[in-house]
Amino acid sequence: MSAAALIDLSRERAYLRDLGRAFGGALVFSIPLLMTMEMWEQGVAMDRGRLLAFIVAGLPLLYGLAYYAGFSDRRGLMNDLMDTAVALAVGFLTAGVLLSLFGVVRWGDPPREALGRIALQAVPGAMGALLARRQLSGDGGGETQEDQASYVGELFLMAAGALFFALNVAPTEEMILIAYKAGALNVLGLMAVSILLLHLIVFRAGFAGQEEADRPAHAFFHFTLPGYAIALGVSLFALFVFGRIEGHSLAGVVQATAVLGFPAAIGAAAARLLV
C-alpha cells in the first residue's frame, strides 16, 4: 500500500473515531431533554412556525460551534459547514433512536407528531456532537479556534453556554412556577446573584476573560454585563419558543426571564468549560 493510501486510511479512521465521539457527545448533552416529558409534549403542541424558527436560529449557532470547536480537527469553511450538517444529522438520528426506544415515538404515530418530537431534540443533540471533541477526547480536543477567540467570539461562546443551560430547564413548568412564587425583591435578588456569580466564575475561576482579571471594573463592563444581557436575551428567546410567555403580563414575562436568566448566566460564565 502506498504512503498516500496509508494517509487516506488513517484520515478515514480518525474521522470515524470523531464521528463516533460526536454520537457520544449528542447522547451526553441531550439525554436530560430526551427524558423530559415537557419536551415530548412541546414536540406535539408547539406551533410549527416556532419550531422552524428554533431550528433556523440554531443553524448559525451550530456553525459557530463547528468553527470554534467542531467534532473533527478539519478546518476551513467547507469543513465547518460539513461538520454542521453532519452534527445536525447526528442530532436527528440520536433523538429518533432514543425516543423510539423510550416508546415516545412509535411506528404509526402521525408524522407531524413524530417529526416534531425528534426535530425539537435535534439542535441540542447537534450541540453535543460539536462539543464532543472538546469534552470527550483524552487531550481536551487540543488547541481549537476557541482558544484564540476574539471579543465577539467570546460573547458568542457565552451565548452558546447560556442556551445550553437554558434549554435544559426552559420547557419545564418549574420555571413559570418559580416566577409566579417569586416577588419583586426575590427577582431583584436573583438577578444580583446571577450577575455576581457570572462575574466570579468568569474572572476568578480562570474562564473566559481571565486576561482582564486584574482589572475587575473594566472586566465587569466589558464581559459580565454584556454576558448577562446575552443570558437574558437567550432566556427570553427560549421562553418564546416553548410558549412560556403567552398570556402573561409584562411583569410576568420579566420575572420568568429573570428566573431562567439564572441558569443561563451560569452557562454563559462556564462557556469555556463546555466549548
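View 1. Met35 lies in the loop between α1 and α2 (37-45); helices are DSSP runs of H or I with at least four residues, strands are runs of E with at least two, and both are numbered from the N terminus. The model is predicted: local features need pLDDT of at least 70, and side-chain atom pairs count only at pLDDT 80 or more, whereas totals for chains, interfaces and linings use all residues. Residues are numbered from 1 along each chain as its sequence is written, and side-chain values use heavy atoms, with hydrogens and water left out. Met35 counts as exposed because its relative accessibility is 53% (exposed, over 50% relative accessible area; buried, under 20%; partly exposed, in between; 1.4 Å probe, protein chains only). With Phe23, Leu27, Ile31, Leu93, Val97, Leu101 and Phe102, Met35 forms a nonpolar surface patch of about 710 Å² accessible area together. Helices α1 (3-34) and α4 (77-101) are the elements that give two or more residues to this patch. Such patches are made of residues with over 30% relative accessible area and no salt bridge, nonpolar side chains (Val, Leu, Ile, Met, Phe, Trp, Tyr) being joined within 5 Å and like charges within 9 Å. A salt bridge places a side-chain nitrogen of Lys or Arg within 4 Å of a carboxyl oxygen of Asp or Glu. Accessible areas come from the Shrake-Rupley method with a 1.4 Å probe, and for residues only the protein chains shown count as cover.

View 2. Gln121 belongs to helix α5 (residues 111-130). Its relative accessible area is 2%, so Gln121 is buried. Beyond neighbours within four places in sequence, Gln121 contacts (heavy atoms within 4.5 Å) Ser30, Leu33, Leu34, Met39, Trp40, Ala95 and Leu99.

**View 3. Phe242 and the nonpolar cores.** The largest nonpolar core has 59 residues, and Phe242 is among those with the most contacts inside it, together with Leu120, Met127 and Leu260. Apart from it lies another core, of eight residues, including Leu34, Leu99, Val104 and Ala114. A nonpolar core is a set of buried Ala, Val, Leu, Ile, Met, Phe, Trp, Tyr and Cys residues joined through side-chain atoms within 4.5 Å. Residues up to four places away in sequence aside, Phe242 touches Met39, Gln42, Met46, Leu120, Leu167, Ala170 and Pro171.

**View 4. Arg244 and its polar contact.** Arg244 is placed in the loop between α10 (216-241) and α11 (250-269). Arg244 counts as buried because its relative accessibility is 11%. Its side chain makes a polar contact with the side chain of Glu173 (3.3 Å). A polar contact is a pair of N or O atoms within 3.5 Å; within protein, one must be able to donate a hydrogen and the other to accept it, and residues adjacent in sequence count only if both atoms are side-chain atoms.
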